[in-house]
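Here are some notes to read alongside the structure. Please keep the viewer open and look up each residue as it comes up.

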Amino acid sequence: MRKFYIENEMNERFSLWGNRVYMVEPSGLGIKHDASYIRIGNSYLRNKRNISQSEIGGKIEFLDPGANKRFQEFYNFCTAASSLRLVYDPGDGTEYIRDIDLAEVDKSERTGGSLPISVSFNCKSLYYLRNNNRFIFESTDDEKRYDYQYDFTYGDYGTYETNIHNNGHVEAPFECTIYGYCVNPSIYIVKDNKTLYEVTFPVAVLDGEYIRYNTRDGMLEVTLVSEAGETNLMPLLDISKDNFFKIPVGDSKIKFDSESASTNIITATIYKMYEVV
């Protein structure tokens, strides 16, 4: 049985499936594409195709006793959050996430011990999974250790690289943290032995410092974090290159290196995105 939850930026949840609160008659869980075509004789050639912004709607049934109190708790939870996510379990135990805004709440009359509330959410992302696309590189004096989850395999000793299978429907954004000590660290995306993208951060990252890098839409960031505070590294990047890139669909490789002899720890989280689940 499918389940829904609302989640805030602190990962706190308000369940829409249990404790006398149930979301029923959901709509908008799929995808719509906007496309334009050029007519050529009696045929049509598509020249543009974009994903339309989705709106997920439904009815939330708040059951007595305490129906109106639970409704107020739901609304307060949504309005107090600085960001919201809809967590959707289609029935197999897998939790897919969409970033959302609460768009509309329509409060109806109480009927038969139930307070029905019609709601709609504007979607700000596609579906994605959390946590199981995270991996860590950690070097010691004599060896390199990998702490990983999901479907990653690793390159030869002495390299910071991993093969990635992106089974999502679109390119996958990612975020990573590169810890010092290292000098001029770089990230590469390689597919079919060809480097598709690369970025170099032209700084020395000292012990106790780290670089925070994010390629998610609306969250682009490259920041050096030290005891002195946070420094925006965007002005230092090579403007002739695409410095914020994503991982292509299918098989590819992500590589890390630096001009120093070693890099301490690198963590990365890849967000595989799905149009429908």
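**Notes on salt bridges, a helix and a pocket**

1. Lys124 and Asp101 form a salt bridge, with their closest N and O atoms 3.4 Å apart. The two residues are 23 apart in a model that is predicted. Lys124 sits in the loop between β10 (114–123) and β11 (127–128), while Asp101 belongs to strand β9. Lys124 counts as partly exposed, at 49% relative accessibility. Asp101 also counts as partly exposed, at 38%.

2. Another salt bridge joins the side chains of Asp99 and Arg216, at 3.5 Å from N to O. Asp99 is in strand β9, and Arg216 is in the loop between β21 (210–214) and β22 (221–226). This pair links distant parts of the chain, 117 residues apart. Asp99 has 16%, so Asp99 is buried. Arg216 has 12%, so Arg216 is buried.

3. Arg85 and Glu7 meet through their side chains in a salt bridge of 2.9 Å, N to O. Here strand β8, which holds Arg85, is linked to strand β1 (residues 3–8), which holds Glu7; the two residues are 78 apart. Both Arg85 and Glu7 are buried.

4. How many salt bridges does the structure hold? The count is 13. Through shared partners, salt bridges join Glu7, Arg13, Arg85 and Glu95 into one network.

5. The largest pocket has a volume of about 660 Å³. It is lined by 26 residues, and those closest to its centre are Lys124, Ser125, Leu126, Asp217 and Met273. By class, the lining has eleven nonpolar, seven polar and eight charged residues.

6. Last, a helix. Helix α1 (residues 67–80) has 14 residues and spans 20 Å from its first C-alpha to its last, close to the 20 Å expected at 1.5 Å a residue. Which residues of α1 are buried? They are Ala67, Arg70, Phe71, Phe74, Phe77 and Cys78. These residues lie on the same side of α1 because they cover an arc of only 125° around the axis. Lys69 and Ala80, on the other side of α1, are exposed.

Notes: Residues numbered from 1 in each chain as written. Predicted model: local features only at pLDDT ≥ 70, side-chain atom pairs only at ≥ 80, totals over all residues. Heavy atoms only, no water. 1 Å grid on protein atoms, 1.4 Å probe; cavity = no way out; pocket = protein on both sides within 12 Å on 5 of 7 lines; lining within 4 Å. Points joined across faces, edges and corners; volume = space filled by probe spheres on them. Nonpolar A, V, L, I, M, F, W, Y, C, P; charged D, E, K, R; others polar. Helix = DSSP H or I, 4+ residues; strand = E, 2+ residues; numbered from the N terminus. Expected span 1.5 Å × (residues − 1). Buried < 20%, exposed > 50% of the residue type's maximum accessible area, 1.4 Å probe, protein only. Arc of directions from axis to C-beta. Salt bridge = Lys/Arg side-chain N within 4 Å of Asp/Glu carboxyl O.
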